[in-house]
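Reader: I am new to this one. Could you walk me through the terms as we look?

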Amino acid sequence: MLTVLGAYSWINIRFLLEGAWVTILVSVCSIILSYIFGVILGIIRYVQIKYLSAIVGFVIDIIRNLPLILIIFFTYFGLPNIGFKPDPIWASVIAMAIFESAMVAEIVRAGIVSIPTGQMEGARSTGMSYWQALRYIILPQAIKNMIPAIVSQFISLVKDTSLATIIVLPDLMNHAQIIYGQNTNYTIPMFLALAVMYFIVCYSLSLLSQYLDHRLGTAKKSGEVEEVVQSAER
Amino acid sequence: MISIFQNYGGALLYGLGQTLLCSIIALIFALIIGSGFAILEVVPNKFLRIIAKIYIEVFRNIPLLVITMFFYVVIPMYIVEISGFVSGTIGLILYSSAFIAETVRSGIQSVDPGQMEGARANGLSFWQGMRYIVLPQAFRYVIPPLGNQFINLVKNSSVLAFVAGFDLMYQGNVIASDSLQSMSTYLCVGVLYLILTLPLSYYMRYLEKKLA
């Protein structure tokens with residue numbers, strides 16, 4: 001029993017926390033990048049610029065349908081073939097940003113499509129240009145609608161950073177593997193610690209997403225709202 | 001790229017088969033387990049609801065890699081020797097079942113509660129009402145999101161590469177290090193993944209439009 005408890009010595013915990021720091025760093029960098037690029041690409045896909053929108057749409061579809069591990073491998077092992085050699089942290093940030101911005105772009109497009117066309121027509125008829133209407137009328141409403149979906153996409157981003165251990169990114173997963181690689185008695189405690197740490201980060205993000213869902217009033221059909229309604233009816 | 005297909009076509013096709021096999025096995029089990037927990041989430045019994053909720057939240061919020069590595073490292077160490085393919089598939093089943101449960105639950109809840117009340121009023125038990133009235137209607141709603149979950153499952157099956165599951169991604173790595181042409185190898189692997197996922201993804205988009 002003592003050997004198992006030894007897994008949680010201060011040195012090991014600190015080592016895990018260092019890994020968690022890299023996980024958070026990579027997640028935050030790729031969240032920021034993928035949000036910026038995702039919104040831009042989603043708008044380009046929506047506004048039907050000749051050729052450009054079709055090409056962007058096709059590329060988004062391709063990236064969305066590839067496994068993230070493949071993209072990580074491609075950036076880390078494939079790109080050096082054409083003379084660009086990123087270190088593991090940058091390679092994983094780039095790979096995550098590429099993959100997630102395609103995901104976010106699709107959410108943004110769906111969010112814009114969900115706004116009734118009357119909004120655009122109304123804005124145009126009051127004398128706004130197409131871009132003004134998009135900027136001041138459509139996007140603010142669309143972003144409100146898609147925030148919960150984007151937050152849950154970012155939850156899967158945090159989980160997916162663990163895949164970058166395969167290119168030896170020194171993240172939480174990798175550090176846990178190093179610890180239980182040195183002492184096999186620590187295997188189960190390390191997996192427990194991993195599960196707890198990822199769970200805390202992801203579950204608090206998912207609570208945030210539920211809170212935003214309620215706050216922004218987009219939870220028309222979500223379970224909690226219906227339960228409240230049903231208990232009020234009884 | 002063509003030379004990769006010529007030299008390593010067999011290995012790539014074997015990997016493709018393993019990926020497909022793993023995805024289909026995982027889909028079948030994840031559907032059964034996921035639907036089970038989805039129903040448990042809407043039963044009147046509060047205790048069962050809490051169990052289902054815990055299961056779903058735990059497996060949704062832990063990375064697939066952690067689940068898979070647990071089965072790859074811990075289970076053979078203490079309990080029984082299992083291959084990488086099996087541990088990868090078990091990990092995929094547990095992970096996807098949580099997402100499928102959420103999808104099916106939202107489908108069940110999108111069916112008008114009056115349907116269940118009507119079924120109960122006609123003398124059906126809760127389970128009969130679920131089985132004959134609610135679920136058939138719910139599954140119509142959830143077919144497009146379930147298709148998207150299957151696409152995710154195919155993509156996530158690439159986690160087998162971590163545990164020597166001999167899937168497409170694993171074969172890709174072997175070929176990349178053997179041929180020293182990583183770029184074109186990964187492009188080939190990407191094309192093969194797209195053959196699996198892209199048609200399905202367009203079909204699901206078509207179905208979504210048709211059902212909406």
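Author: Gladly! Read along the sequence, chain B runs α-α-α-α-α-α-α-α. This is a predicted model, in which local features need pLDDT of at least 70, side-chain atom pairs count only at pLDDT 80 or more, and totals for chains, interfaces and linings use all residues. Residues are numbered from 1 along each chain as its sequence is written, while chains are lettered from A and ligands numbered from 1 in the order in which they are written.

Reader: How do you know how many helices and strands chain B has?

Author: Helices are DSSP runs of H or I with at least four residues, strands are runs of E with at least two, and both are numbered from the N terminus. Counted that way, chain B has 8 helices and 0 strands.

Reader: What does UniProt place at residues 16–204 of chain B?

Author: The unreviewed UniProt entry gives "domain: ABC transmembrane type-1" there; such annotations may be inferred rather than shown by experiment. In the model, residues 16–204 of chain B are 83% helix and 0% strand.

Reader: What makes a residue of chain B count as buried, and what percentage is buried?

Author: A residue is buried if 20 or more other C-beta atoms, placed from the backbone, lie within 10 Å of its own. Buried residues make up 45% of the 212 residues in chain B.

Reader: Why are helix 2 and helix 7 of chain A called oblique, rather than parallel or perpendicular?

Author: Their axes, lines fitted to C-alpha atoms over the stretch in contact, cross at roughly 140° and come within 9 Å. Angles under 35 degrees count as roughly parallel, over 145 as roughly antiparallel, 65 to 115 as roughly perpendicular and the rest as oblique. Helix 2 and helix 7 of chain A are therefore oblique to each other.

Reader: Which residues meet where helix 2 and helix 7 of chain A touch?

Author: Ser27(A), Ser30(A) and Ile31(A) in helix 2 meet Phe154(A), Leu157(A) and Val158(A) in helix 7. Contact requires C-beta atoms, placed from the backbone, within 7 Å. By class, this contact has 4 nonpolar, 2 polar and no charged residues; Ala, Val, Leu, Ile, Met, Phe, Trp, Tyr, Cys and Pro count as nonpolar, Asp, Glu, Lys and Arg as charged, and the others, Gly among them, as polar.

Reader: How many residues of chain A are in contact with chain B, and which helix gives the largest share?

Author: 32 residues of chain A are in contact with 30 residues of chain B. Helix 9 of chain A gives the largest share of chain A's side, 10 residues. That side divides into 20 nonpolar, 8 polar and 4 charged residues.

Terms used. Axes are lines fitted to C-alpha atoms, for helices over the stretch in contact, and angles run from 0 to 180 degrees between N-to-C directions. Two residues are in contact if their C-beta atoms, placed from the backbone, lie within 7 Å. A residue is buried if 20 or more other C-beta atoms lie within 10 Å of its own, exposed if 12 or fewer, and partly exposed in between; C-beta atoms are placed from the backbone.
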